[in-house]
Amino acid sequence: MTVRFAIFASGNGSNAQALYQAIQDGKLRGELVGVFSDKPDAFVLERAASWGVPMFHLAPKSFVSKEAYEQALLDQLRSWQVDFLVLAGYMRLIGSTLLNAFPNRIVNIHPSLLPAFPGKDAIGQALEHGVHVTGVTVHFVDAGMDTGPILAQRAVEVQATREQTEACIHAAEHELYREALDQLWNEERMK
C-alpha cells in the first residue's frame, strides 16, 4: 500500500520541496497527490506546478464559515483519495471538519521543541527568551495550537544570528519530517 498524501502550505514551501525531493530520491515512500494553499500567491503553488503535482487554492474569507471552507477542502481531498494531510507551513488552525475526516492522519512540523514556543514566530519566541537550544517537533494535529501528540523531536543549538538559527532549524526540519513520516507510514503499511 502506498500512502497518498496532500501537502497544505501557506508560503514558500521549503518543507514541501524537501518532501518532494525525498520521494524522488527514494528516501520517502509515499505519493504526493496534491498541494493546497490558502494563499493565492504562495510560492509552494509554483513549486507544485513545476513538479506536475495537482494544486489548488481556496480563500477562507470567500466562505460563510470555517465549516463550509473545510467542507470544500474535504471534497477536493476525497477526489484525490488522500490518506494523510501533511502541514508544511500551513498557518491556519485545522477545524473539526478535517479533524473528524482524518483522525490521527494530519501531521504538522513546528520550529520549536514543543510544548515550548507554540504558535507563530517560534524562532523569535525562543530568541526573545534567550534559550541556548531550540529545535523541531513533528506532531499529530488536534484542535489546539501545536498541542497534538508528538511523533518526533530534534534539538537545534541557537546560533549567533537569527538567520543562522533559522537555517539550522530548516535543515533539521527537512530531515526530521521525512524520517517521521517514513516511520509513520511504514507502521501504517504494516497494519
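A nonpolar core is taken here as a set of buried Ala, Val, Leu, Ile, Met, Phe, Trp, Tyr and Cys residues joined through side-chain atoms within 4.5 Å, where buried denotes a relative accessible area under 20%, exposed over 50% and partly exposed in between (1.4 Å probe, protein chains only). The model is predicted, with local features requiring pLDDT of at least 70 and side-chain atom pairs counted only at pLDDT 80 or more, while totals for chains, interfaces and linings use all residues. Residues are numbered from 1 along each chain as its sequence is written, and side-chain values use heavy atoms, with hydrogens and water left out.

The largest nonpolar core comprises 37 residues, of which I7, L32, V35 and W185 touch the most other members. Helix α6 (residues 162-189) supplies the largest share of this core, 8 residues; helices (H or I, at least four residues) and strands (E, at least two) are DSSP runs numbered from the N terminus. A second, separate core of 21 residues includes L74, L77, L85 and L98. In soluble globular proteins, nonpolar side chains tend to be buried together. Contacts of V35 (heavy atoms within 4.5 Å), not counting residues up to four places away in sequence, are made with I7, V44, L45, A48, W51, V53, P54, M55, F56 and W80.

An unreviewed UniProt entry lists G13, S14 and N15 under "binding site". G13, S14 and N15 from this set belong to the lining of the largest pocket. On a 1 Å grid over the protein atoms alone, a pocket is an open set of points where a 1.4 Å probe fits, with protein on both sides within 12 Å along at least five of seven lines, and lining residues have an atom within 4 Å of a point. UniProt positions follow the numbering used here, feature names are shortened, and annotations may be inferred rather than shown by experiment.

S14 is partly exposed at a relative accessible area of 23%, whereas N15 is buried at 8%. Beyond four places in sequence, S14 touches R47, H170 and H174, and N15 touches A88, I109, E173 and H174.

For "active site", the unreviewed UniProt entry lists H110. H110 is located in strand β5 (residues 106-110) and is buried, with a relative accessible area of 4%. Apart from neighbours within four places in sequence, H110 is in contact with F117, P118, G119, A122, G135, V136, T137, H139, D146 and E173. The side chain of H110 also reaches the backbone oxygen of F117 at 2.8 Å.

Methods:
A polar contact is a pair of N or O atoms within 3.5 Å; within protein, one must be able to donate a hydrogen and the other to accept it, and residues adjacent in sequence count only if both atoms are side-chain atoms.
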